[in-house]
Amino acid sequence: MRCFSLFPNFIDDRSSINQQKPKELNPMKTDQLVEAEPAVFLQTVSVAIAQLKQRLQQDYEQVYPDLREIVHLVLDEEETKAWELSLFPHLLFPDLVEAHVARLNLQPASSTRLRKAAARQARHKEVVVPHDFTKLDDHQPAFALCG
């Protein structure tokens, strides 16, 4: 009795075939953008915190004009702390400085300077308008058919 196989028996010898060298991968443009995003983000945050630090320096120097060096040291210390605490240090930085100055219990220079500083602070609050999310501006009933 003879056995026949439907599949031919052969040896797959690929030694004579030239193996292709793997091509070097060329990153797509989007890959390059993704790699650049963290650097751009950190640069943007650094610029933002530098501008904020300058504004805070001016504001606190108006209130405490004789304590310029102390204000500068407080700002430096709290900037470092803000960077250690978050990737968004500019959000924490003003509160950290305010808390530090409050702990120092410094006395303001005069009431006129306080009024100017309060006016400046009021201007800063006008920049960000809080939104009352409990009110609906345009309430319209919704109708949906479910079936």
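**Whole chain**

Start with the secondary structure: the protein has four helices and zero strands. Helices here are DSSP runs of H or I with at least four residues, strands are E runs of at least two, and numbering goes from the N terminus. Along the sequence the pattern reads α-α-α-α. The model is predicted, so local features need pLDDT of at least 70 and side-chain atom pairs count only at pLDDT 80 or more, while totals for chains, interfaces and linings use all residues. Residues are numbered from 1 along each chain as its sequence is written, and side-chain values use heavy atoms, with hydrogens and water left out.

Accessible areas come from the Shrake-Rupley method with a 1.4 Å probe, and for residues only the protein chains shown count as cover. Of the 147 residues in the protein, 18% are buried. Buried means under 20% relative accessible area, exposed means over 50%, and partly exposed lies in between (1.4 Å probe, protein chains only). Take contacts with a separation of 6 or more: 62% of them join residues 24 or more positions apart. Contact means heavy atoms within 4.5 Å.

**The core**

Select Leu56, Tyr60, Tyr64, Leu75, Phe93, Val97 and Val101. These have the most contacts inside the largest nonpolar core, which has 14 residues. Helices α1, α2 and α3 each supply at least two residues of this core. The largest share, five residues, comes from α1. A nonpolar core is a set of buried Ala, Val, Leu, Ile, Met, Phe, Trp, Tyr and Cys residues joined through side-chain atoms within 4.5 Å. In soluble globular proteins, nonpolar side chains tend to be buried together.

Now centre on Phe93. Leaving aside neighbours within four places in sequence, Phe93 is in contact with Ile49, Leu52, Lys53, Leu56, Leu75, Glu78, Glu79 and Ala82.

Next, pick Gln57 in helix α1. Is Gln57 buried or exposed? Gln57 is buried, because its relative accessible area is 13%. Outside four places in sequence, Gln57 is in contact with Arg68, Val71, His72 and Leu75.

**Aromatic pairs**

There are two aromatic pairs to find. Rings of Phe, Tyr and Trp (its six-membered ring) pair if their centres lie within 6.5 Å; planes under 30 degrees apart count as stacked, over 60 as edge-to-face, and the rest as tilted.

Show Phe41 and Phe88. Their rings are edge-to-face, with 5.6 Å centre to centre and 75° between the planes. This pair links distant parts of the chain: Phe41 sits in helix α1 and Phe88 in the loop between α2 and α3, 47 residues apart. Phe41 has a relative accessible area of 33%, so Phe41 is partly exposed. Phe88, at 40% relative accessibility, also counts as partly exposed.

Move to Tyr60 and Tyr64. Their ring centres are 6.5 Å apart and their planes are at 10°, so this pair is stacked. Both Tyr60 and Tyr64 are buried.

**Salt bridges**

Four salt bridges are present. Each is a side-chain nitrogen of Lys or Arg within 4 Å of a carboxyl oxygen of Asp or Glu.

Select Glu79 and Lys53. Their side chains meet in a salt bridge at 2.8 Å, N to O. The pair links distant parts of the chain, with Glu79 in helix α2 and Lys53 in helix α1, 26 residues apart. Glu79 and Lys53 are both buried.

Arg68 and Glu61 form another bridge, with the closest N and O atoms 3.0 Å apart.

Then show Lys81 and Glu78. The closest N and O atoms of this salt bridge are 3.6 Å apart. Both residues lie in helix α2, three residues apart, about one turn of the helix. Lys81 is partly exposed, because its relative accessible area is 30%. Glu78 is at 1% relative accessibility, so Glu78 counts as buried.

**The nonpolar patch**

Select Phe41, Leu42, Trp83, Leu85, Leu87, Phe88, Leu91 and Leu92, which make a nonpolar surface patch of about 740 Å². The elements giving two or more residues to the patch are α1 (29-63), α2 (68-85) and α3 (89-104). Patches are made of residues with over 30% relative accessible area and no salt bridge; like charges are joined within 9 Å, and nonpolar side chains (Val, Leu, Ile, Met, Phe, Trp, Tyr) within 5 Å. Last stop: Leu91, in helix α3. Leu91 counts as exposed, because its relative accessibility is 57%.
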